[in-house]
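Trainee: I am new to this one. Please show me the structure, then let me ask about it.

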Amino acid sequence: MSEKIAVLGAGSWGTVLANLLTENGHDVTIWAYLQKDTDEINNKHTNEHYLPGLRLNEKLVANTDLAESVKDADLVLFVVPTNVVRGVAKQLLPILEKTDKKPVIVSAAKGLEVGTYDRVSQVIQSVIPAEQTNGVVVISGPSHAEDTSVKDITTLTAASTNLEAAQYVQHVFANSYFRLYTNQDVIGVEMGAALKNVIAIGAGALHGLGYGDNAKAALITRGLAEISRLGVKMGADPLTFIGLSGVGDLIVTATSRHSRNWRCGNQLGHGEKLQDVLDNMGQVVEGVSTAKVAHELAQKEGVEMPITDAIYAVLYEDKPIKQAITDLMQRESKPEFDY
Ligand SMILES: NC(=O)C1=CN([C@@H]2O[C@H](COP(=O)(O)OP(=O)(O)OC[C@H]3O[C@@H](n4cnc5c(N)ncnc54)[C@H](OP(=O)(O)O)[C@@H]3O)[C@@H](O)[C@H]2O)C=CC1
Ligand SMILES: O=C(CO)COP(=O)(O)O
(Lines give C-alpha, C1' and ligand atoms only; values in the text may rest on other atoms or scores of the structure.)
(Ligands and ions follow the chains in the order given, each with its own letter.)
Protein backbone atom coordinates (compact mmCIF):
# COMPACT_ATOMS: atom_id res chain seq x y z
CA MET A 1 0.00 0.00 0.00
CA SER A 2 1.47 3.37 -1.02
CA GLU A 3 -0.41 6.40 0.18
CA LYS A 4 -0.16 10.13 -0.51
CA ILE A 5 0.66 11.80 2.82
CA ALA A 6 1.07 15.41 3.96
CA VAL A 7 2.95 16.06 7.22
CA LEU A 8 2.22 19.50 8.69
CA GLY A 9 5.16 20.57 10.84
CA ALA A 10 8.86 20.11 10.16
CA GLY A 11 10.12 20.08 13.75
CA SER A 12 11.72 17.07 15.41
CA TRP A 13 8.72 14.71 15.51
CA GLY A 14 7.23 15.84 12.18
CA THR A 15 10.53 15.28 10.37
CA VAL A 16 11.10 11.86 11.92
CA LEU A 17 7.55 10.71 11.12
CA ALA A 18 7.73 12.09 7.56
CA ASN A 19 11.03 10.28 7.05
CA LEU A 20 9.63 7.03 8.48
CA LEU A 21 6.54 7.24 6.25
CA THR A 22 8.76 7.88 3.20
CA GLU A 23 10.84 4.83 4.06
CA ASN A 24 7.60 2.84 4.43
CA GLY A 25 7.10 3.52 0.69
CA HIS A 26 4.57 6.35 0.87
CA ASP A 27 4.60 9.54 -1.21
CA VAL A 28 5.24 12.14 1.50
CA THR A 29 5.33 15.94 1.46
CA ILE A 30 6.35 17.76 4.62
CA TRP A 31 5.01 21.30 5.03
CA ALA A 32 7.13 23.99 6.71
CA TYR A 33 6.46 27.69 6.55
CA LEU A 34 10.03 28.89 6.07
CA GLN A 35 11.68 28.54 2.65
CA LYS A 36 15.09 27.97 4.25
CA ASP A 37 13.72 24.88 6.05
CA THR A 38 12.20 23.35 2.90
CA ASP A 39 15.38 24.14 0.94
CA GLU A 40 17.48 22.32 3.53
CA ILE A 41 15.26 19.23 3.47
CA ASN A 42 15.01 19.17 -0.36
CA ASN A 43 18.63 19.96 -1.17
CA LYS A 44 20.74 18.74 1.76
CA HIS A 45 18.30 16.06 3.06
CA THR A 46 18.88 17.18 6.63
CA ASN A 47 17.08 19.16 9.36
CA GLU A 48 20.09 20.16 11.43
CA HIS A 49 18.32 22.45 13.90
CA TYR A 50 15.89 19.78 15.08
CA LEU A 51 17.74 16.53 14.28
CA PRO A 52 21.47 17.16 14.11
CA GLY A 53 23.33 14.48 12.17
CA LEU A 54 20.26 12.73 10.73
CA ARG A 55 20.35 12.00 6.99
CA LEU A 56 16.81 12.04 5.56
CA ASN A 57 15.47 9.85 2.76
CA GLU A 58 15.99 11.66 -0.56
CA LYS A 59 12.43 10.90 -1.65
CA LEU A 60 11.02 13.08 1.15
CA VAL A 61 9.79 16.36 -0.38
CA ALA A 62 9.31 19.61 1.56
CA ASN A 63 7.03 22.46 0.48
CA THR A 64 6.09 25.86 1.95
CA ASP A 65 2.75 25.88 0.10
CA LEU A 66 0.04 24.22 2.21
CA ALA A 67 -2.37 23.67 -0.72
CA GLU A 68 0.34 21.95 -2.79
CA SER A 69 1.48 19.91 0.20
CA VAL A 70 -1.98 18.45 0.91
CA LYS A 71 -3.06 18.06 -2.76
CA ASP A 72 -4.66 14.60 -3.23
CA ALA A 73 -3.50 13.53 0.26
CA ASP A 74 -5.04 10.32 1.66
CA LEU A 75 -3.69 11.23 5.11
CA VAL A 76 -2.86 14.61 6.67
CA LEU A 77 -0.71 14.48 9.83
CA PHE A 78 -0.68 17.43 12.25
CA VAL A 79 2.67 17.66 14.12
CA VAL A 80 2.78 21.30 15.13
CA PRO A 81 2.64 22.54 18.74
CA THR A 82 -0.83 22.29 20.34
CA ASN A 83 -1.44 26.01 20.47
CA VAL A 84 -0.89 26.48 16.73
CA VAL A 85 -3.06 23.52 15.63
CA ARG A 86 -6.20 25.68 15.39
CA GLY A 87 -4.49 28.23 13.13
CA VAL A 88 -3.14 25.50 10.82
CA ALA A 89 -6.55 23.75 10.72
CA LYS A 90 -8.15 27.05 9.71
CA GLN A 91 -5.69 27.33 6.82
CA LEU A 92 -6.40 23.72 5.82
CA LEU A 93 -10.21 23.92 5.80
CA PRO A 94 -10.72 26.08 2.65
CA ILE A 95 -8.25 23.84 0.79
CA LEU A 96 -10.21 20.70 1.71
CA GLU A 97 -13.49 22.41 0.80
CA LYS A 98 -12.25 22.88 -2.78
CA THR A 99 -11.68 19.16 -3.39
CA ASP A 100 -13.67 15.93 -3.19
CA LYS A 101 -10.74 14.20 -1.48
CA LYS A 102 -11.45 13.40 2.16
CA PRO A 103 -8.20 12.58 3.98
CA VAL A 104 -7.86 10.76 7.26
CA ILE A 105 -6.62 13.45 9.66
CA VAL A 106 -4.06 12.33 12.22
CA SER A 107 -2.86 14.29 15.25
CA ALA A 108 0.51 13.65 16.90
CA ALA A 109 0.51 16.78 19.11
CA LYS A 110 0.37 16.36 22.89
CA GLY A 111 -1.27 19.13 24.84
CA LEU A 112 -4.45 20.96 25.84
CA GLU A 113 -5.30 24.26 24.15
CA VAL A 114 -4.97 27.39 26.28
CA GLY A 115 -8.30 29.18 26.77
CA THR A 116 -10.64 26.45 25.43
CA TYR A 117 -9.13 23.50 27.41
CA ASP A 118 -9.70 21.44 24.24
CA ARG A 119 -7.79 18.28 23.40
CA VAL A 120 -6.01 18.48 20.02
CA SER A 121 -8.51 16.26 18.18
CA GLN A 122 -11.31 18.46 19.54
CA VAL A 123 -9.55 21.54 18.17
CA ILE A 124 -9.24 19.90 14.75
CA GLN A 125 -12.85 18.69 14.76
CA SER A 126 -14.14 22.09 15.86
CA VAL A 127 -12.57 23.64 12.75
CA ILE A 128 -12.83 20.88 10.13
CA PRO A 129 -16.30 19.31 9.79
CA ALA A 130 -16.50 15.50 9.83
CA GLU A 131 -17.77 15.41 6.20
CA GLN A 132 -14.43 16.84 4.99
CA THR A 133 -12.49 13.90 6.46
CA ASN A 134 -12.33 10.14 6.45
CA GLY A 135 -11.93 10.09 10.23
CA VAL A 136 -9.71 11.71 12.87
CA VAL A 137 -7.05 9.59 14.59
CA VAL A 138 -4.66 10.41 17.43
CA ILE A 139 -1.23 8.78 17.58
CA SER A 140 0.52 8.84 20.93
CA GLY A 141 2.86 6.81 23.10
CA PRO A 142 6.41 6.63 24.44
CA SER A 143 8.25 8.00 21.42
CA HIS A 144 11.16 10.38 21.55
CA ALA A 145 12.02 11.57 18.05
CA GLU A 146 15.71 10.97 18.79
CA ASP A 147 15.15 7.22 19.39
CA THR A 148 12.73 6.68 16.49
CA SER A 149 15.12 8.54 14.14
CA VAL A 150 17.74 5.82 14.69
CA LYS A 151 15.10 3.09 14.25
CA ASP A 152 14.95 2.16 17.92
CA ILE A 153 11.85 0.15 18.84
CA THR A 154 8.85 2.43 19.31
CA THR A 155 5.24 1.56 20.21
CA LEU A 156 2.25 3.87 19.90
CA THR A 157 -1.50 3.93 20.23
CA ALA A 158 -3.63 4.85 17.21
CA ALA A 159 -6.82 6.12 18.83
CA SER A 160 -10.10 6.92 17.15
CA THR A 161 -13.80 6.38 17.64
CA ASN A 162 -13.62 5.28 13.99
CA LEU A 163 -11.92 1.88 14.28
CA GLU A 164 -11.47 1.55 10.52
CA ALA A 165 -9.56 4.85 10.40
CA ALA A 166 -7.40 3.76 13.38
CA GLN A 167 -6.60 0.44 11.65
CA TYR A 168 -5.71 2.29 8.45
CA VAL A 169 -3.27 4.52 10.38
CA GLN A 170 -1.87 1.46 12.17
CA HIS A 171 -0.95 -0.09 8.81
CA VAL A 172 0.35 3.09 7.15
CA PHE A 173 2.88 3.76 9.94
CA ALA A 174 3.86 0.20 10.96
CA ASN A 175 7.27 -1.27 10.15
CA SER A 176 9.90 -3.48 11.79
CA TYR A 177 10.68 -0.96 14.55
CA PHE A 178 7.42 1.01 14.76
CA ARG A 179 4.34 -0.81 16.08
CA LEU A 180 0.90 0.65 16.77
CA TYR A 181 -2.07 -0.66 18.76
CA THR A 182 -5.60 0.61 18.17
CA ASN A 183 -7.64 2.14 20.98
CA GLN A 184 -11.09 3.71 20.83
CA ASP A 185 -10.66 5.81 23.99
CA VAL A 186 -9.55 9.08 22.37
CA ILE A 187 -10.21 11.09 25.55
CA GLY A 188 -7.95 8.88 27.69
CA VAL A 189 -5.18 8.76 25.09
CA GLU A 190 -5.11 12.55 24.64
CA MET A 191 -5.46 13.36 28.35
CA GLY A 192 -2.58 10.99 29.19
CA ALA A 193 -0.42 12.46 26.41
CA ALA A 194 -1.01 16.05 27.49
CA LEU A 195 -0.85 15.72 31.26
CA LYS A 196 2.32 13.60 31.41
CA ASN A 197 4.27 16.60 30.08
CA VAL A 198 3.45 18.54 33.25
CA ILE A 199 4.62 15.69 35.50
CA ALA A 200 7.81 15.39 33.40
CA ILE A 201 8.66 19.01 34.26
CA GLY A 202 8.35 18.04 37.93
CA ALA A 203 10.54 14.96 37.43
CA GLY A 204 13.25 17.07 35.80
CA ALA A 205 13.06 19.57 38.66
CA LEU A 206 13.52 16.80 41.25
CA HIS A 207 16.58 15.60 39.35
CA GLY A 208 17.98 19.11 39.10
CA LEU A 209 17.60 19.54 42.85
CA GLY A 210 19.41 16.27 43.52
CA TYR A 211 16.53 14.11 44.75
CA GLY A 212 16.93 10.33 44.40
CA ASP A 213 15.07 7.44 42.81
CA ASN A 214 12.46 7.13 45.58
CA ALA A 215 11.31 10.69 45.01
CA LYS A 216 11.18 10.21 41.23
CA ALA A 217 9.14 7.00 41.52
CA ALA A 218 6.80 8.73 43.98
CA LEU A 219 6.26 11.62 41.56
CA ILE A 220 5.59 9.34 38.59
CA THR A 221 3.17 7.13 40.56
CA ARG A 222 1.24 9.91 42.26
CA GLY A 223 1.40 11.90 39.02
CA LEU A 224 -0.28 9.02 37.20
CA ALA A 225 -2.94 8.90 39.94
CA GLU A 226 -3.94 12.51 39.33
CA ILE A 227 -3.67 12.25 35.52
CA SER A 228 -6.11 9.32 35.71
CA ARG A 229 -8.39 11.23 38.11
CA LEU A 230 -8.83 14.19 35.74
CA GLY A 231 -8.93 11.93 32.68
CA VAL A 232 -11.71 9.76 34.11
CA LYS A 233 -13.65 12.87 35.12
CA MET A 234 -13.43 14.04 31.49
CA GLY A 235 -14.82 10.69 30.29
CA ALA A 236 -11.75 8.49 29.82
CA ASP A 237 -11.57 4.73 30.42
CA PRO A 238 -9.30 4.23 33.49
CA LEU A 239 -7.55 1.31 31.74
CA THR A 240 -6.09 3.67 29.15
CA PHE A 241 -3.81 5.18 31.81
CA ILE A 242 -1.96 1.89 32.27
CA GLY A 243 -1.41 1.78 28.50
CA LEU A 244 1.14 3.30 26.11
CA SER A 245 -0.29 6.80 26.20
CA GLY A 246 -0.58 6.72 30.01
CA VAL A 247 2.14 5.09 32.08
CA GLY A 248 4.19 4.31 28.95
CA ASP A 249 4.56 7.91 27.85
CA LEU A 250 4.87 9.11 31.44
CA ILE A 251 7.87 6.80 31.99
CA VAL A 252 9.66 7.87 28.82
CA THR A 253 9.06 11.58 29.36
CA ALA A 254 9.70 11.73 33.10
CA THR A 255 12.98 9.76 32.95
CA SER A 256 14.75 10.87 29.79
CA ARG A 257 17.13 13.66 28.88
CA HIS A 258 15.60 13.62 25.40
CA SER A 259 12.42 15.09 26.88
CA ARG A 260 12.16 18.86 26.47
CA ASN A 261 9.74 18.90 29.43
CA TRP A 262 12.16 16.98 31.65
CA ARG A 263 15.05 19.23 30.56
CA CYS A 264 12.98 22.34 31.29
CA GLY A 265 12.29 21.06 34.82
CA ASN A 266 15.91 20.03 35.32
CA GLN A 267 17.10 23.54 34.44
CA LEU A 268 14.51 25.09 36.77
CA GLY A 269 15.80 22.74 39.48
CA HIS A 270 19.27 24.17 38.88
CA GLY A 271 17.88 27.63 39.55
CA GLU A 272 17.43 28.93 36.00
CA LYS A 273 14.56 31.27 35.14
CA LEU A 274 11.65 29.82 33.14
CA GLN A 275 11.82 32.44 30.39
CA ASP A 276 15.56 31.83 29.88
CA VAL A 277 14.97 28.08 29.72
CA LEU A 278 12.23 28.46 27.09
CA ASP A 279 14.24 30.98 25.07
CA ASN A 280 17.22 28.61 24.94
CA MET A 281 15.30 25.38 24.27
CA GLY A 282 14.57 26.24 20.61
CA GLN A 283 11.77 23.65 20.63
CA VAL A 284 8.29 23.43 22.08
CA VAL A 285 7.89 22.60 25.81
CA GLU A 286 4.21 21.61 25.80
CA GLY A 287 3.97 21.02 29.56
CA VAL A 288 4.32 24.72 30.39
CA SER A 289 1.06 25.81 28.73
CA THR A 290 -0.66 22.52 29.58
CA ALA A 291 0.16 23.07 33.29
CA LYS A 292 -1.96 26.22 33.15
CA VAL A 293 -4.82 24.48 31.32
CA ALA A 294 -4.73 21.43 33.62
CA HIS A 295 -4.67 23.61 36.75
CA GLU A 296 -7.70 25.61 35.55
CA LEU A 297 -9.57 22.56 34.24
CA ALA A 298 -9.04 20.62 37.48
CA GLN A 299 -10.42 23.56 39.47
CA LYS A 300 -13.41 23.86 37.14
CA GLU A 301 -14.12 20.11 37.39
CA GLY A 302 -13.46 19.89 41.14
CA VAL A 303 -10.66 17.34 40.68
CA GLU A 304 -7.71 17.25 43.09
CA MET A 305 -4.36 17.57 41.26
CA PRO A 306 -1.86 18.59 43.93
CA ILE A 307 1.31 17.89 41.91
CA THR A 308 0.03 19.70 38.82
CA ASP A 309 -1.08 22.62 41.01
CA ALA A 310 2.38 22.73 42.60
CA ILE A 311 4.08 22.77 39.18
CA TYR A 312 1.65 25.49 38.06
CA ALA A 313 2.61 27.57 41.11
CA VAL A 314 6.32 27.16 40.34
CA LEU A 315 5.85 28.08 36.65
CA TYR A 316 3.30 30.88 36.96
CA GLU A 317 3.52 32.22 40.51
CA ASP A 318 7.29 32.05 41.09
CA LYS A 319 6.86 29.64 44.00
CA PRO A 320 10.26 28.21 45.02
CA ILE A 321 10.40 24.52 44.01
CA LYS A 322 11.67 23.37 47.43
CA GLN A 323 8.72 25.13 49.09
CA ALA A 324 6.32 23.46 46.64
CA ILE A 325 7.81 20.05 47.53
CA THR A 326 7.60 20.73 51.28
CA ASP A 327 3.96 21.79 50.96
CA LEU A 328 3.13 18.63 48.97
CA MET A 329 4.75 16.41 51.60
CA GLN A 330 2.88 18.16 54.44
CA ARG A 331 -0.59 17.75 52.97
CA GLU A 332 -3.15 16.05 55.18
CA SER A 333 -2.66 12.24 55.37
CA LYS A 334 -5.04 10.31 53.13
CA PRO A 335 -5.70 6.82 51.74
CA GLU A 336 -3.73 5.79 48.63
CA PHE A 337 -6.89 5.17 46.60
CA ASP A 338 -10.15 7.16 46.78
CA TYR A 339 -13.02 4.93 45.68
N1 LIG B 1 9.73 15.54 19.65
C2 LIG B 1 9.19 14.40 20.06
O3 LIG B 1 9.93 13.46 20.40
C4 LIG B 1 7.71 14.23 20.10
C5 LIG B 1 6.83 15.30 19.99
N6 LIG B 1 5.48 15.08 20.06
C7 LIG B 1 4.54 16.20 19.96
O8 LIG B 1 4.55 16.69 18.62
C9 LIG B 1 4.23 18.09 18.62
C10 LIG B 1 5.30 18.83 17.85
O11 LIG B 1 6.51 18.61 18.55
P12 LIG B 1 7.95 18.68 17.93
O13 LIG B 1 8.00 18.27 16.51
O14 LIG B 1 8.83 17.99 18.87
O15 LIG B 1 8.17 20.28 18.05
P16 LIG B 1 9.39 21.14 17.58
O17 LIG B 1 9.50 22.27 18.52
O18 LIG B 1 10.57 20.27 17.34
O19 LIG B 1 8.89 21.67 16.15
C20 LIG B 1 7.69 22.41 16.02
C21 LIG B 1 7.45 22.65 14.53
O22 LIG B 1 6.22 23.37 14.40
C23 LIG B 1 6.48 24.49 13.58
N24 LIG B 1 5.57 25.59 13.89
C25 LIG B 1 5.56 26.39 14.98
N26 LIG B 1 4.59 27.32 14.88
C27 LIG B 1 3.99 27.08 13.68
C28 LIG B 1 2.91 27.71 12.98
N29 LIG B 1 2.25 28.74 13.50
N30 LIG B 1 2.55 27.23 11.77
C31 LIG B 1 3.21 26.18 11.24
N32 LIG B 1 4.23 25.55 11.84
C33 LIG B 1 4.62 26.00 13.05
C34 LIG B 1 7.93 24.86 13.87
O35 LIG B 1 8.42 25.68 12.83
P36 LIG B 1 9.71 26.62 13.08
O37 LIG B 1 10.89 25.70 13.11
O38 LIG B 1 9.73 27.51 11.88
O39 LIG B 1 9.49 27.33 14.36
C40 LIG B 1 8.55 23.47 13.89
O41 LIG B 1 8.77 23.02 12.58
C42 LIG B 1 4.16 18.51 20.11
O43 LIG B 1 2.82 18.55 20.51
C44 LIG B 1 4.89 17.38 20.83
O45 LIG B 1 4.39 17.19 22.15
C46 LIG B 1 4.95 13.84 20.19
C47 LIG B 1 5.77 12.75 20.29
C48 LIG B 1 7.21 12.85 20.25
O1 LIG C 1 6.13 13.07 23.95
C2 LIG C 1 7.30 12.82 23.93
C3 LIG C 1 7.83 11.44 24.01
O4 LIG C 1 6.81 10.48 23.96
C5 LIG C 1 8.28 13.92 23.83
O6 LIG C 1 8.36 14.56 25.04
P7 LIG C 1 8.97 16.04 25.16
O8 LIG C 1 8.00 16.94 24.43
O9 LIG C 1 9.06 16.31 26.59
O10 LIG C 1 10.31 16.01 24.47
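Trainee: Which residues come nearest to ligand 1?
Mentor: This is a predicted model, where local features need pLDDT of at least 70, side-chain atom pairs count only at pLDDT 80 or more, and totals for chains, interfaces and linings use all residues. Residues are numbered from 1 along each chain as its sequence is written, while chains are lettered from A and ligands numbered from 1 in the order in which they are written. A residue is near if its C-beta atom, placed from the backbone, lies within 6 Å. Of the 27 residues around ligand 1, the nearest are Gly11, Trp13, Ala109, Ala145 and Gln283.

Trainee: Which helix gives the largest share of the shell around ligand 1?
Mentor: Helices are DSSP runs of H or I with at least four residues, and strands are E runs of at least two, numbered from the N terminus. Helix 1 (12-23) and helix 4 (82-97) each supply at least two shell residues. The largest share, four residues, comes from helix 4.

Trainee: How are helix 8 and helix 13 oriented to each other?
Mentor: Their axes, lines fitted to C-alpha atoms over the stretch in contact, come within 8 Å and cross at roughly 110 degrees. Angles run from 0 to 180 degrees between N-to-C directions. The range 65 to 115 counts as roughly perpendicular. Helix 8 and helix 13 are therefore roughly perpendicular.

Trainee: Which strands stand at the edges of the sheet?
Mentor: Eight strands form an open, mixed sheet in the order 3-2-1-4-5-6-7-8. Strands pair if DSSP finds at least two bridges between them. A single partner strand each is what marks strand 3 (61-63) and strand 8 (178-183).

Methods: Parallel < 35°, antiparallel > 145°, perpendicular 65-115°, else oblique.
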